Amino acid sequence: MTLNTPDTNTHSGLLGLGVYRPARIVRNDELVERIDSSDEWIRERSGIIERRFAGADEDVASMGTIAARNALADAGIDAVDIDTVIVATFTHKYQTPSASAEIAANIGAVNASAFDVGAACAGFCYAISVADALVRSGDARNVLVVGSEKLSDVVNFDDRGTAFIFADGAGAVVVGPTPEQGISPTVWGADGSSREVIIMSPDTVTAGREGVPSLLTMEGQRVFRWAVGSMGDVCKEILDKSGLQAGELAAFVPHQANIRITDALVKKLDLEDSVVIARDIQHAGNTSSASIPLALHALRESGQVTKGQPFLMVGFGAGLAFAGQVALVP
Ligand code: COA
(Lines give C-alpha, C1' and ligand atoms only; values in the text may rest on other atoms or scores of the structure.)
Protein backbone atom coordinates (compact mmCIF):
# COMPACT_ATOMS: atom_id res chain seq x y z
CA MET A 1 0.00 0.00 0.00
CA THR A 2 1.33 3.45 -0.87
CA LEU A 3 0.12 6.70 0.64
CA ASN A 4 0.29 10.10 -0.98
CA THR A 5 3.42 12.17 -0.50
CA PRO A 6 3.15 15.96 -0.50
CA ASP A 7 3.25 17.31 -4.04
CA THR A 8 6.18 19.64 -3.59
CA ASN A 9 9.52 20.34 -5.06
CA THR A 10 10.40 23.47 -3.20
CA HIS A 11 13.56 24.86 -1.67
CA SER A 12 13.65 26.73 1.61
CA GLY A 13 15.47 29.69 3.07
CA LEU A 14 15.37 32.48 5.65
CA LEU A 15 12.86 35.16 4.57
CA GLY A 16 12.97 37.60 7.47
CA LEU A 17 14.68 38.31 10.80
CA GLY A 18 13.55 40.20 13.90
CA VAL A 19 14.71 40.58 17.49
CA TYR A 20 13.80 41.94 20.88
CA ARG A 21 16.40 43.26 23.32
CA PRO A 22 15.01 44.17 26.76
CA ALA A 23 15.47 47.81 27.76
CA ARG A 24 17.42 47.31 30.97
CA ILE A 25 21.19 47.24 30.49
CA VAL A 26 23.07 45.52 33.33
CA ARG A 27 26.78 46.24 33.51
CA ASN A 28 29.28 43.92 35.18
CA ASP A 29 29.66 46.28 38.13
CA GLU A 30 26.07 45.58 39.11
CA LEU A 31 26.78 41.85 39.56
CA VAL A 32 30.32 41.62 40.90
CA GLU A 33 29.78 42.23 44.60
CA ARG A 34 27.70 39.11 45.26
CA ILE A 35 30.25 36.88 43.50
CA ASP A 36 33.46 38.57 44.67
CA SER A 37 34.45 39.30 41.06
CA SER A 38 35.42 42.32 38.96
CA ASP A 39 34.50 43.96 35.69
CA GLU A 40 38.00 43.22 34.44
CA TRP A 41 37.84 39.49 35.31
CA ILE A 42 34.45 39.04 33.62
CA ARG A 43 35.55 40.86 30.45
CA GLU A 44 38.75 38.86 30.24
CA ARG A 45 37.25 35.41 30.99
CA SER A 46 33.98 35.76 29.03
CA GLY A 47 34.12 38.88 26.84
CA ILE A 48 30.94 40.21 28.44
CA ILE A 49 30.81 43.97 29.09
CA GLU A 50 27.08 44.24 29.69
CA ARG A 51 23.89 42.26 29.18
CA ARG A 52 20.15 42.93 29.22
CA PHE A 53 17.59 41.73 31.74
CA ALA A 54 13.86 41.67 31.03
CA GLY A 55 11.41 43.46 33.29
CA ALA A 56 9.18 41.70 35.83
CA ASP A 57 6.24 42.03 33.42
CA GLU A 58 8.14 40.41 30.53
CA ASP A 59 8.58 36.72 29.79
CA VAL A 60 9.60 34.28 27.06
CA ALA A 61 6.27 34.63 25.25
CA SER A 62 6.06 38.43 25.41
CA MET A 63 9.65 38.90 24.22
CA GLY A 64 9.23 36.22 21.54
CA THR A 65 6.03 37.91 20.36
CA ILE A 66 7.85 41.18 19.64
CA ALA A 67 10.72 39.41 17.89
CA ALA A 68 8.18 37.40 15.86
CA ARG A 69 6.27 40.51 14.76
CA ASN A 70 9.54 42.12 13.69
CA ALA A 71 10.55 39.02 11.70
CA LEU A 72 7.16 38.92 9.94
CA ALA A 73 7.46 42.60 9.02
CA ASP A 74 10.99 42.01 7.75
CA ALA A 75 9.78 39.09 5.61
CA GLY A 76 6.68 40.97 4.42
CA ILE A 77 4.50 38.03 5.47
CA ASP A 78 1.15 38.13 7.30
CA ALA A 79 0.72 36.12 10.48
CA VAL A 80 -2.24 34.28 8.92
CA ASP A 81 0.16 32.85 6.33
CA ILE A 82 2.32 31.16 8.97
CA ASP A 83 1.64 27.40 9.04
CA THR A 84 3.83 26.48 12.01
CA VAL A 85 5.37 28.32 14.96
CA ILE A 86 8.38 26.69 16.64
CA VAL A 87 9.89 28.22 19.77
CA ALA A 88 13.27 27.16 21.11
CA THR A 89 13.42 27.88 24.83
CA PHE A 90 14.01 26.35 28.25
CA THR A 91 12.88 29.28 30.36
CA HIS A 92 9.19 29.49 29.40
CA LYS A 93 7.29 29.63 32.68
CA TYR A 94 4.90 26.79 31.89
CA GLN A 95 5.71 23.16 31.16
CA THR A 96 2.52 23.32 29.12
CA PRO A 97 0.96 24.97 27.17
CA SER A 98 3.86 25.86 24.95
CA ALA A 99 5.36 29.29 24.42
CA SER A 100 4.76 28.74 20.68
CA ALA A 101 0.98 28.42 21.14
CA GLU A 102 0.97 31.65 23.17
CA ILE A 103 3.08 33.52 20.63
CA ALA A 104 0.98 32.22 17.73
CA ALA A 105 -2.14 33.57 19.46
CA ASN A 106 -0.49 36.90 20.29
CA ILE A 107 0.55 37.58 16.70
CA GLY A 108 -2.65 36.26 15.11
CA ALA A 109 -1.13 33.18 13.48
CA VAL A 110 -4.56 31.55 13.57
CA ASN A 111 -3.72 28.92 10.96
CA ALA A 112 -0.53 27.71 12.61
CA SER A 113 0.44 24.52 14.38
CA ALA A 114 2.71 25.28 17.31
CA PHE A 115 5.29 23.48 19.45
CA ASP A 116 8.42 24.18 21.49
CA VAL A 117 11.86 22.68 21.04
CA GLY A 118 13.93 21.84 24.11
CA ALA A 119 17.59 21.77 23.14
CA ALA A 120 18.85 24.67 25.29
CA CYS A 121 21.56 26.72 23.56
CA ALA A 122 21.39 24.48 20.47
CA GLY A 123 17.62 25.00 20.24
CA PHE A 124 17.54 27.67 17.56
CA CYS A 125 19.56 25.56 15.10
CA TYR A 126 17.49 22.47 15.96
CA ALA A 127 14.36 24.45 15.14
CA ILE A 128 15.85 25.71 11.86
CA SER A 129 16.46 22.11 10.82
CA VAL A 130 12.86 21.15 11.57
CA ALA A 131 11.50 24.26 9.81
CA ASP A 132 13.63 23.61 6.72
CA ALA A 133 12.36 20.03 6.56
CA LEU A 134 8.72 21.10 7.01
CA VAL A 135 8.93 23.62 4.18
CA ARG A 136 10.72 21.28 1.77
CA SER A 137 8.34 18.41 2.56
CA GLY A 138 5.30 20.57 1.91
CA ASP A 139 3.84 20.06 5.39
CA ALA A 140 4.19 23.81 5.95
CA ARG A 141 4.70 26.74 3.61
CA ASN A 142 5.95 29.38 6.05
CA VAL A 143 7.40 28.53 9.46
CA LEU A 144 8.16 31.03 12.21
CA VAL A 145 11.19 30.04 14.31
CA VAL A 146 11.69 31.91 17.59
CA GLY A 147 14.47 31.66 20.17
CA SER A 148 13.45 33.39 23.41
CA GLU A 149 14.90 33.18 26.91
CA LYS A 150 14.49 34.87 30.27
CA LEU A 151 17.53 33.41 31.98
CA SER A 152 17.54 36.08 34.69
CA ASP A 153 14.64 34.10 36.23
CA VAL A 154 16.72 30.93 36.68
CA VAL A 155 20.22 32.19 37.37
CA ASN A 156 21.58 32.09 40.92
CA PHE A 157 23.16 35.51 41.36
CA ASP A 158 25.37 34.17 44.14
CA ASP A 159 26.96 31.56 41.85
CA ARG A 160 30.36 32.74 40.59
CA GLY A 161 30.29 30.43 37.57
CA THR A 162 26.98 31.52 36.05
CA ALA A 163 25.78 34.85 37.53
CA PHE A 164 27.63 36.98 34.97
CA ILE A 165 27.12 34.83 31.88
CA PHE A 166 23.42 34.47 31.22
CA ALA A 167 20.92 37.10 30.05
CA ASP A 168 17.55 37.74 28.38
CA GLY A 169 16.34 38.40 24.85
CA ALA A 170 14.58 36.99 21.79
CA GLY A 171 15.19 36.54 18.07
CA ALA A 172 13.04 35.14 15.27
CA VAL A 173 13.21 34.18 11.62
CA VAL A 174 10.65 33.23 9.00
CA VAL A 175 11.59 30.11 7.03
CA GLY A 176 9.76 29.71 3.74
CA PRO A 177 9.97 28.67 0.10
CA THR A 178 12.78 30.11 -2.01
CA PRO A 179 13.85 29.67 -5.66
CA GLU A 180 17.24 28.25 -4.59
CA GLN A 181 18.10 26.37 -1.40
CA GLY A 182 19.11 28.87 1.31
CA ILE A 183 19.69 26.51 4.26
CA SER A 184 22.32 23.75 4.16
CA PRO A 185 21.87 20.26 5.59
CA THR A 186 22.10 20.24 9.40
CA VAL A 187 24.84 18.63 11.46
CA TRP A 188 23.51 17.80 14.91
CA GLY A 189 23.77 15.51 17.89
CA ALA A 190 23.48 15.14 21.65
CA ASP A 191 25.36 13.40 24.46
CA GLY A 192 23.06 12.68 27.37
CA SER A 193 25.84 10.91 29.27
CA SER A 194 27.07 14.41 30.17
CA ARG A 195 23.65 15.73 31.07
CA GLU A 196 24.78 16.92 34.52
CA VAL A 197 27.27 19.43 33.06
CA ILE A 198 24.58 22.09 32.58
CA ILE A 199 21.38 21.34 34.39
CA MET A 200 18.40 23.15 35.84
CA SER A 201 17.82 21.72 39.30
CA PRO A 202 15.49 21.51 41.08
CA ASP A 203 13.42 20.72 38.05
CA THR A 204 10.51 23.03 37.30
CA VAL A 205 7.95 20.52 38.59
CA THR A 206 9.64 20.22 41.98
CA ALA A 207 10.21 23.96 42.06
CA GLY A 208 6.53 24.66 41.53
CA ARG A 209 5.55 22.27 44.33
CA GLU A 210 8.08 23.55 46.83
CA GLY A 211 7.90 27.18 45.83
CA VAL A 212 11.63 27.47 45.22
CA PRO A 213 13.11 28.95 42.08
CA SER A 214 14.64 26.73 39.42
CA LEU A 215 18.33 27.42 39.33
CA LEU A 216 20.77 26.65 36.61
CA THR A 217 24.10 25.05 37.47
CA MET A 218 27.03 24.57 35.16
CA GLU A 219 30.46 22.98 35.28
CA GLY A 220 32.06 25.79 33.32
CA GLN A 221 35.40 24.18 32.60
CA ARG A 222 33.81 20.97 31.29
CA VAL A 223 31.52 22.97 28.98
CA PHE A 224 34.44 25.03 27.81
CA ARG A 225 36.60 21.97 27.05
CA TRP A 226 33.78 20.19 25.25
CA ALA A 227 32.88 23.22 23.10
CA VAL A 228 36.44 24.05 22.14
CA GLY A 229 37.38 20.39 21.71
CA SER A 230 34.53 19.32 19.47
CA MET A 231 32.65 22.24 17.89
CA GLY A 232 35.52 22.99 15.49
CA ASP A 233 35.04 19.60 13.83
CA VAL A 234 31.28 20.10 13.85
CA CYS A 235 31.74 23.44 12.03
CA LYS A 236 34.03 21.79 9.47
CA GLU A 237 31.40 19.11 8.87
CA ILE A 238 28.70 21.78 8.44
CA LEU A 239 30.86 23.56 5.85
CA ASP A 240 31.55 20.29 4.10
CA LYS A 241 27.84 19.47 3.89
CA SER A 242 27.03 22.98 2.64
CA GLY A 243 29.42 22.62 -0.30
CA LEU A 244 31.14 25.93 0.54
CA GLN A 245 34.77 26.61 1.44
CA ALA A 246 35.54 28.56 4.63
CA GLY A 247 36.75 31.49 2.49
CA GLU A 248 33.33 31.79 0.85
CA LEU A 249 31.59 32.56 4.15
CA ALA A 250 30.60 36.16 4.83
CA ALA A 251 30.20 35.56 8.56
CA PHE A 252 30.60 33.09 11.41
CA VAL A 253 27.75 33.31 13.93
CA PRO A 254 28.34 30.78 16.71
CA HIS A 255 26.18 30.58 19.83
CA GLN A 256 27.35 33.45 22.04
CA ALA A 257 28.50 31.32 24.99
CA ASN A 258 31.84 32.87 25.83
CA ILE A 259 34.09 35.00 23.63
CA ARG A 260 37.05 32.71 24.33
CA ILE A 261 35.11 29.77 22.87
CA THR A 262 34.34 31.85 19.76
CA ASP A 263 38.00 32.88 19.42
CA ALA A 264 39.18 29.26 19.79
CA LEU A 265 36.76 28.10 17.08
CA VAL A 266 37.85 30.89 14.73
CA LYS A 267 41.42 29.67 15.15
CA LYS A 268 40.48 26.03 14.56
CA LEU A 269 38.57 26.90 11.41
CA ASP A 270 41.44 29.06 10.20
CA LEU A 271 38.91 31.66 8.99
CA GLU A 272 40.15 34.41 6.73
CA ASP A 273 40.07 38.04 7.85
CA SER A 274 37.27 38.70 5.38
CA VAL A 275 34.90 36.50 7.43
CA VAL A 276 32.99 38.65 9.94
CA ILE A 277 32.88 37.13 13.43
CA ALA A 278 29.79 37.67 15.61
CA ARG A 279 30.75 38.95 19.05
CA ASP A 280 27.34 40.10 20.26
CA ILE A 281 28.08 38.48 23.65
CA GLN A 282 29.98 41.63 24.62
CA HIS A 283 26.73 43.58 24.87
CA ALA A 284 24.09 40.84 25.10
CA GLY A 285 25.63 38.17 27.36
CA ASN A 286 24.70 34.55 26.75
CA THR A 287 21.01 34.42 25.80
CA SER A 288 20.98 30.68 24.98
CA SER A 289 18.53 29.93 22.15
CA ALA A 290 18.18 33.64 21.32
CA SER A 291 21.88 34.35 20.88
CA ILE A 292 22.30 33.39 17.22
CA PRO A 293 19.41 35.44 15.75
CA LEU A 294 20.36 38.36 18.03
CA ALA A 295 23.98 38.21 16.87
CA LEU A 296 23.00 37.88 13.20
CA HIS A 297 20.67 40.85 13.53
CA ALA A 298 23.45 42.96 15.05
CA LEU A 299 25.71 42.16 12.08
CA ARG A 300 22.98 43.00 9.58
CA GLU A 301 22.03 46.22 11.36
CA SER A 302 25.63 47.41 11.33
CA GLY A 303 25.96 46.58 7.62
CA GLN A 304 28.65 43.94 8.21
CA VAL A 305 26.52 41.37 6.38
CA THR A 306 23.86 41.88 3.75
CA LYS A 307 20.95 39.91 2.34
CA GLY A 308 21.93 36.76 0.45
CA GLN A 309 25.38 36.33 1.96
CA PRO A 310 26.26 32.93 3.45
CA PHE A 311 26.95 32.58 7.18
CA LEU A 312 27.70 29.60 9.38
CA MET A 313 25.73 29.23 12.61
CA VAL A 314 26.30 26.63 15.31
CA GLY A 315 24.50 26.20 18.61
CA PHE A 316 25.79 24.12 21.54
CA GLY A 317 25.04 23.67 25.22
CA ALA A 318 23.03 21.66 27.75
CA GLY A 319 22.23 18.16 26.65
CA LEU A 320 24.99 18.20 25.66
CA ALA A 321 23.33 19.13 22.39
CA PHE A 322 24.68 20.82 19.29
CA ALA A 323 23.41 21.73 15.81
CA GLY A 324 24.41 23.97 12.95
CA GLN A 325 23.93 24.97 9.33
CA VAL A 326 25.14 27.40 6.71
CA ALA A 327 22.33 29.72 5.62
CA LEU A 328 21.88 32.86 3.52
CA VAL A 329 21.27 36.13 5.39
CA PRO A 330 17.59 37.14 5.13
N1 COA B 1 35.09 36.12 39.36
C2 COA B 1 36.38 36.14 39.77
N3 COA B 1 37.10 35.02 39.92
C4 COA B 1 36.48 33.86 39.64
C5 COA B 1 35.14 33.78 39.23
C6 COA B 1 34.45 34.98 39.10
N7 COA B 1 33.16 35.02 38.69
N8 COA B 1 34.83 32.50 39.03
C9 COA B 1 35.92 31.78 39.32
N10 COA B 1 36.92 32.60 39.70
C11 COA B 1 38.31 32.26 40.07
C12 COA B 1 38.39 30.91 40.72
O13 COA B 1 38.27 31.03 42.11
C14 COA B 1 39.80 30.49 40.35
O15 COA B 1 40.73 31.12 41.17
P16 COA B 1 42.10 30.39 41.62
O17 COA B 1 42.84 30.16 40.34
O18 COA B 1 42.74 31.39 42.51
O19 COA B 1 41.67 29.14 42.28
C20 COA B 1 39.97 31.07 38.94
O21 COA B 1 39.05 32.16 38.85
C22 COA B 1 39.69 30.09 37.85
O23 COA B 1 38.43 29.48 38.13
P24 COA B 1 37.72 28.55 37.09
O25 COA B 1 36.44 28.05 37.65
O26 COA B 1 38.72 27.55 36.63
O27 COA B 1 37.40 29.61 35.98
P28 COA B 1 37.44 29.44 34.41
O29 COA B 1 38.69 29.94 33.87
O30 COA B 1 37.02 28.06 34.04
O31 COA B 1 36.32 30.45 33.98
C32 COA B 1 34.08 30.37 33.20
C33 COA B 1 34.99 30.25 34.41
C34 COA B 1 32.66 30.11 33.68
C35 COA B 1 34.21 31.77 32.65
C36 COA B 1 34.52 29.36 32.14
O37 COA B 1 34.63 28.06 32.70
C38 COA B 1 33.61 29.30 30.99
O39 COA B 1 33.37 30.29 30.35
N40 COA B 1 33.09 28.11 30.64
C41 COA B 1 32.17 27.95 29.55
C42 COA B 1 30.85 28.47 29.98
C43 COA B 1 29.91 28.60 28.86
O44 COA B 1 30.25 28.94 27.78
N45 COA B 1 28.67 28.30 29.17
C46 COA B 1 27.65 28.42 28.26
C47 COA B 1 27.37 27.15 27.62
S48 COA B 1 26.01 27.30 26.63
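Predicted model: local features only at pLDDT ≥ 70, side-chain atom pairs only at ≥ 80, totals over all residues.
Let us begin with A140, which counts as buried because its relative accessibility is 5%; the cut-off for that word is under 20%. A140 sits in the loop between α4, residues 123-137, and β6. Leaving aside residues up to four places away in sequence, A140 touches D83, T84, L134 and V135. Please also find A112 on the structure. A140 and A112 are 28 residues apart along the chain, and their C-alpha atoms are separated by 9.0 Å.

Is S148 buried or exposed? S148 counts as buried, because its relative accessibility is 0%. Which residues does S148 touch, if we do not count those up to four places away in sequence? They are V60, M63, G64, A88, T89, T91, G169, A170, S289 and A290. With V60 there is a polar pair to note: a polar atom of the S148 side chain lies 2.8 Å from the backbone oxygen of V60.

Now to the domains. The domain assignment divides the chain into domain 1, residues 11-178, and domain 2, residues 187-328. Taken over C-alpha atoms, the centres of domain 1 and domain 2 are 14 Å apart. How many residues of each domain are in contact with the other? There are 47 residues of domain 1 in contact with 47 residues of domain 2.

Next, the ligand. It is surrounded by 22 residues, and the closest are S37, R45, G220, Q221 and N258. Three of these residues can be described atom by atom. In R45, a polar side-chain atom lies 2.4 Å from an oxygen atom of the ligand. In N258, an N or O atom of the side chain is 2.4 Å from an oxygen atom of the ligand.

Which elements give two or more residues to the shell around the ligand? They are α1, residues 39-46, α6, residues 220-242, and α7, residues 259-269. Helix α6 supplies the largest share of the shell, namely four residues. Sorted by class, the shell holds 12 nonpolar, seven polar and three charged residues. Both domains take part in the shell around the ligand, since at least three residues come from each of domain 1 and domain 2.

Let us turn to helix α9, residues 291-301. This helix is mostly covered, with nine of its 11 residues buried. Those buried residues are S291, I292, P293, L294, A295, L296, H297, L299 and R300. Just after α9 comes G303, which takes a positive phi of about 80°.

For D36, phi is near 45°. D36 lies in the loop between β2, residues 24-27, and α1. For A120, phi is positive as well, at about 45°. A120 lies in the loop between β5, residues 113-117, and α4. Are D36 and A120 buried or exposed? D36 is exposed, because its relative accessible area is 63% and the cut-off for exposed is over 50%. A120, by contrast, is buried, with a relative accessible area of 10%.

Finally, the cis peptide bonds. One runs from T96 to P97, with omega near 5°. P97 lies in the loop between β4, residues 84-88, and α3, residues 99-107. Another cis peptide bond joins G319 and L320, where omega is about -15°. L320 lies in the loop between β13, residues 310-317, and β14, residues 321-328.

To close, I return to two places on the structure. The shell around the ligand draws on both domain 1 and domain 2, and R45, G220 and N258 are among its closest residues. Thank you for your attention.

Key
Residues numbered from 1 in each chain as written. Heavy atoms only, no water. Near = heavy atom within 4 Å. Polar contact = N/O pair within 3.5 Å; in protein donor to acceptor, adjacent residues only side chain to side chain. Nonpolar A, V, L, I, M, F, W, Y, C, P; charged D, E, K, R; others polar. Domains from an automatic or database assignment. Buried < 20%, exposed > 50% of the residue type's maximum accessible area, 1.4 Å probe, protein only. Contact = heavy atoms within 4.5 Å.
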